[in-house]
Amino acid sequence: MPLIVPLLLAVVLFCLGVYGVLARRNAITVLMSVELMLNAVNLNLVAFDAWRVDQLATGQTAAVFVITIAAAEIGLGLAIVLLLFRGHGHADTDRARDLVEAE
Amino acid sequence: MITLAWRVLGIAFSLAVAAAAALLWQVEPQTWAPDLSGFSGTLYAVRTDDLTVLMLAIVGVVASCVQVYSIGYLHGEPRTASYTAIVTLFTAAMVTVVVADSLFLLLIGWEVMGVCSYLLIGQYWERRDARAGAVKAFLMTRFGDVGFLFGIFVLGVAGGSFRISELEPSGSGLATVGTLLLLCGVVGKSAQIPLQTWLPDAMPGPAPVSALIHAATMVAAGVFLVARMFDVFVAAPGTLSVLAVIAALTMVVAALCATAAVEVKRILAWSTVSQLAVMFGGLALGTDDGRHAGLFHLLTHAAFKALLFLCAGVLLHQVGSATFAVLRRRARRGVLRKLMPVTFGTMTIGLAALAGVPGLSGFFSKDSVVEAAWHAARDGRGDTSWPAWLVLVAVLVTGMLTAFYCTRLWLWVFFGSPAPLGGLGAFEEEDLGDSSAVDAQEQPYHPLRDGSPWMLAPMVLLALATLVLGYAEASQLDPAVAGVTTLALMFGAVPAYSLWKRGADPRPAVLEREFGFDAFYQLAVVRPVRFAAGLVVTGDRDVIDGWVRGFGKAGTLASDGFRRLQTGNVQTYLTAAVLGVVALAVLAGVIAS
Amino acid sequence: MSALLLVLLGLPLAGAALLWLLPVVLGDRIAARVGTVVSGLVLVGSAVLGYRWLNPGSPAGTQQADSVPATDLPVYDGPGRAAAMLGDTNVPWLPALDVRFHVGVDAVSLPLIVLSGLLVLLCCVYSLRITPQAGRMRSLVALLLIIETGVIGTFSALDLVLFFIFFEVVLIPMWLVIDIWGDHHDRAGRRLAANRFVLMTVLGSAVMLIGFLLVHAESGTFDLVALAANPVPGGTGVPLTAAILIAVGLAVKMPIWPLHIWLPDAHAKAPTVGSVLLAGLLLKLGSYGMVRILLPVLPDAMVEIAPYLAGFSVIAIVLGSLACLAQTDVKRLIAYSSVGHMGFIGLGIATMSAVGVTGALFANIAHGVITGLLFFLAGAIKDRHDTSDLRLIGRALYARLPRIGALLTFACLASLGLPGLAGFWGEMLALLGAYEPNEALPRATFLTLMVIAGVGTVLTAAYFLRLVRNLCQGDPAQYPSTTFAVDLSRIELVTWTPLIVLTVLLGLWPALLIDRWVLL
């Protein structure tokens with residue numbers, strides 16, 4: 001299949017992720033969108049690796065790295081969201097304005 | 001103890017000045033400057049000549065008389081040590097002016113005299129009129145001195161030297177400008193129009209101060225300056241005409257004001273302004289005769305005016321006030337004449353000299369001025385002789401007016417009025433009947449008597465000088481001129497006598513207001529300056545400080561604006577970050593291509 | 001001689017360090033004495049330098065300029081232009097920035113350095129007996145000594161960046177002096193005054209530094225002696241911008257209207273010794289900078305900006321005097337009078353003529369002496385009445401405090417420029433310089449400004465006489481004696497006598513200074 005197809009899919013997934021990060025209210029949804037962005041990047045890496053075969057299989061190695069780091073980061077992120085929920089009773093990003101500059 | 005020390009020092013210094021005059025009389029006119037390079041060489045230059053000797057003699061004798069007189073006048077008053085010290089400093093400053101060859105040294109003496117005058121007028125600083133008079137005197141003379149300083153600049157730079165002996169008289173326009181500027185200082189110091197109003201207001205000072213400073217020496221410094229730099233003034237076209245106009249105007253205006261004043265010292269002050277103008281009139285003629293006449297009048301005027309002020313001081317000291325009203329109330333029916341004979345006698349001599357009674361020194365000196373004016377008017381070319389005619393007419397008119405107010409003063413102060421009371425402007429308000437009963441009823445708290453010997457001795461000395469000085473120039477008297485001036489004397493004295501006989505003293509309002517000069521200055525100078533001062537303070541506070549506060553406010557506002565970026569919303573921050581990344585990527589792409 | 005100059009720079013710093021190393025209680029007790037000793041040594045050292053300048057016995061340390069007249073005084077060839085620098089030290093310091101540690105003195109800086117030594121010594125002697133309410137003498141004297149270092153450093157710096165550094169050194173100590181030891185009634189007011197002083201001066205100095213950098217960009221060096229020998233030519237573009245920036249920076253310090261607004265507040269809230277040093281020394285940094293930097297280094301650009309400088313200076317004279325006429329606070333009045341006097345100095349510098357600049361230099365010294373005395377007197381009156389408001393002090397001081405009243409009158413007469421006292425010569429020479437300014441300058445403008453400045457002297461007389469009238473004179477029956485106030489005390493007499501003597505001496509013998517400044 002032409003290279004453009006997985007790349008396009010990756011772009012679409014990335015943009016959906018960006019939209020989710022910037023526009024969704026629920027903190028969990030934001031984290032899910034971050035995951036989506038990371039997976040889109042993974043898809044990109046693997047597609048490039050398949051298109052140009054490499055001695056070191058750089059793309060695949062990088063994809064594995066990304067998966068690992070995504071897992072670590074999501075653990076941390078979910079812990080923060082959990083604390084946010086416990087402290088405020090909600091996980092709404094719009095309502096979590098504790099660090100606003102005082103009027 | 002300190003007072004005694006200062007008194008001794010003061011009298012010794014004044015006598016030393018008089019002695020110096022005597023010693024220098026025989027010395028050749030010369031200048032001397034220290035043999036130093038640079039600025040010192042020009043600053044300390046001094047000179048001596050006839051004029052110096054004359055002025056030193058005047059200063060020395062009058063200062064000695066005043067110092068001795070002050071011992072009696074200020075007896076028992078506070079601050080006599082500082083008073084004596086300042087009078088001595090004044091004498092030193094006047095000596096500096098008189099011997100200076102460097103214009104800057106002259107300026108130092110000139111201004112120190114002004115400061116001493118300020119301090120001495122303010123001797124009785126508890127009184128409001130003394131405080132006001134002192135400030136007015138200093139500020140008006142200081143204003144004139146600004147022009148004086150600029151005149152020094154113009155003449156010194158154009159002439160190449162700041163030493164009087166090295167100034168070349170030239171007829172250039174620059175010389176006219178320079179001498180006109182010098183005239184500003186002269187007009188201020190000698191209280192001529194338009195800066196004449198400070199001298200009558202300087203009368204709250206002690207009478208000896210008025211005698212020394214405001215009659216004989218400081219105000220004469222202006223006359224001295226014109227005489228000293230006579231060659232420069234004569235050569236500068238136009239300046240002397242201006243001086244003639246000023247002199248003529250001042251003579252008449254001041255004499256008119258004297259006719260309506262009701263306090264002895266104020267009359268004498270206006271009289272001083274008027275007589276100084278006569279001296280300037282003589283100098284303004286531009287001839288050697290005129291200069292000689294002006295200086296001769298300076299000499300005689302110093303003697304009789306100082307005498308008159310000292311007499312007024314005795315009246316003030318013994319009676320408590322020198323206004324006509326109080327004098328007549330305290331001493332009705334000419335009692336003053338009998339109780340204070342020495343004062344009466346010396347004051348009569350002084351007033352006669354001032355009025356120009358034949359035989360006294362004032363007669364001779366005024367006649368010499370008239371004669372010089374007559375010669376200058378007769379000999380002058382067409383368009384340059386009008387100043388001389390102006391001066392001539394003005395001096396004759398002034399002679400009449402002088403005789404008028406002298407007679408008025410003499411009669412009203414020393415003689416009981418023969419007329420029934422209630423005449424126009426008269427000084428008694430009610431008739432208390434028989435004179436002896438009146439005098440017995442009205443017991444003064446201290447009996448009226450003449451002044452102490454300390455006060456009377458200098459007055460007698462000056463009276464003798466007034467009698468004798470005129471005869472130094474008696475040989476040059478022109479009988480026609482003498483006749484004319486005596487006629488003027490009659491024309492002035494007779495109306496005064498007849499008015500007194502009727503018990504009336506009409507004082508036109510315009511003369512009582514002294515032609516409104518003071519009111520004008522108050523309106524045109526004092527009030528705008530005060531207003532401007534308030535404006536500047538408000539401007540500083542609201543405008544300039546407003547800018548500074550505005551800068552601070554702007555900083556705070558900007559800071560407030562930037563603070564609002566911290567919305568607390570994570571997604572806003574992320575949006576900004578994403579936009580920034582996109583922009584950088586686009587920029588990188590543009591640069592790369 | 002170079003060693004002596006370096007000692008003069010370092011000694012006050014060492015004194016300050018010593019004071020801060022002492023324990024607080026001991027330090028507070030002996031602070032004024034230590035300060036007196038240190039500043040006395042500095043004064044002696046600067047007098048020795050002065051003597052050496054007048055009599056260059058040994059060849060080391062001085063070089064004669066090319067055209068030496070018949071006298072054996074080293075000829076002063078113009079500000080910064082002479083090769084005759086005394087006590088020259090020139091070592092590399094920051095090679096990467098092209099900055100050298102170059103110090104030296106000549107006829108322009110020496111009198112100012114002697115003045116600095118004298119005024120700081122008098123402040124320390126004054127503090128032996130008269131201490132401000134806030135106490136903490138150890139820190140106060142240490143800060144005064146640091147200010148002394150900064151001032152002497154500025155007067156002897158011959159490298160632009162070094163000049164800037166010493167220029168800034170005095171700011172923080174002065175801020176602390178005003179903020180901690182200032183008017184003890186008005187905490188917010190003295191904080192505001194101190195802040196305003198520092199912020200405005202720092203802004204000016206930053207602008208001035210940019211000017212210095214532009215000069216370096218044009219000429220390649222920061223060294224003042226080299227720059228004076230090869231001035232930056234050109235009256236437009238970069239040199240003009242540099243000149244304007246440097247002038248603005250120095251004008252904030254002088255201060256020139258309209259950048260003067262920090263001065264009245266700073267003086268009103270500062271303690272007595274702070275005001276004396278502020279008026280006597282710190283204001284001179286600005287005018288000295290103009291004579292040392294602007295005139296020799298950027299002559300063509302200076303020709304362009306001189307009329308404006310003269311105009312603003314004359315405005316300062318007139319508006320400063322008018323503002324004084326409406327003041328009710330003694331120290332603010334004297335502060336505005338300083339604005340007027342520095343206006344004359346600015347006018348003298350702007351004439352760019354030998355006479356005018358000499359007048360400005362003389363007026364620098366005279367103003368330092370006379371206004372120092374005035375502020376000492378104002379401080380004495382304020383301490384006795386716990387306020388400096390004329391309406392609250394009352395009148396008839398001649399009756400209550402006769403000697404102080406008399407001294408105040410003397411100081412006022414000196415300050416209004418009475419001939420015969422020190423204040424006259426500077427003003428007179430500045431006006432004479434305006435009468436005949438440099439040929440490149442528009443004479444008509446300067447003549448007009450001269451006339452206006454002359455009228456300004458009358459206004460000066462008016463407000464000083466008003467002060468004397470409203471404070472010293474008056475009916476004593478309405479203002480009874482403050483029985484607990486001592487008239488002139490011994491320490492005050494000791495402190496003020498040198499200033500009084502100098503005022504009269506410089507008034508009657510101006511050649512003492514004027515002959516040292518052989519003209520451009």
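## Chain contacts and a helix pair, by question

Visitor: How many salt bridges does the rule count over all chains?
Guide: This is a predicted model, where local features need pLDDT of at least 70, side-chain atom pairs count only at pLDDT 80 or more, and totals for chains, interfaces and linings use all residues. Side-chain values use heavy atoms, with hydrogens and water left out. A salt bridge here is a side-chain nitrogen of Lys or Arg within 4 Å of a carboxyl oxygen of Asp or Glu. Over all chains, that rule gives 29 salt bridges.

Visitor: Which residue pairs with B:Asp101 in a salt bridge?
Guide: B:Asp101 sits in the loop between α4 (80–99) and α5 (103–121) of chain B, and its partner is in strand β2 (residues 46–48) of chain B, 54 residues apart. Helices (H or I, at least four residues) and strands (E, at least two) are DSSP runs, numbered from the N terminus. With an N to O distance of 3.3 Å, the partner is B:Arg47.

Visitor: Which chains have the most contacts between them?
Guide: Contact means heavy atoms within 4.5 Å. Chains A and C have no contact, and their closest C-alpha atoms lie 25 Å apart. Of the two pairs of chains that touch, the one with the most contacts is B and C.

Visitor: What area is buried between chain B and chain C?
Guide: Buried area is the accessible area (1.4 Å probe) that two parts lose on being put together, summed over both. The contact takes 43 residues from chain B and 54 residues from chain C. Carbon and sulfur atoms give 76% of the buried area, which is about 4,000 Å².

Visitor: Which residue of chain B forms a salt bridge with C:Arg196?
Guide: The rule finds one salt bridge across the interface of chain B and chain C. The closest N and O atoms are 2.7 Å apart, and the partner of C:Arg196 is B:Asp545.

Visitor: How many salt bridges are there between chain B and chain A?
Guide: Chain B and chain A bury about 990 Å² between them, with 46% of it on carbon and sulfur atoms. In chain B, the residues losing the most area to chain A are B:Arg563, B:Asn569 and B:Gln571, together 48% of what that side buries. As for salt bridges between chain B and chain A, the count is zero.

Visitor: Are α7(C) and α9(C) roughly parallel or antiparallel?
Guide: Axes are lines fitted to C-alpha atoms, for helices over the stretch in contact, and angles run from 0 to 180 degrees between N-to-C directions. Helix α7 (residues 187–219) of chain C and helix α9 (residues 238–253) of chain C pack at about 155°, with axes 7 Å apart. Angles under 35 degrees count as roughly parallel, over 145 as roughly antiparallel, 65 to 115 as roughly perpendicular and the rest as oblique. That makes α7(C) and α9(C) roughly antiparallel.

Notes:
Residues numbered from 1 in each chain as written. Chains lettered and ligands numbered in written order.
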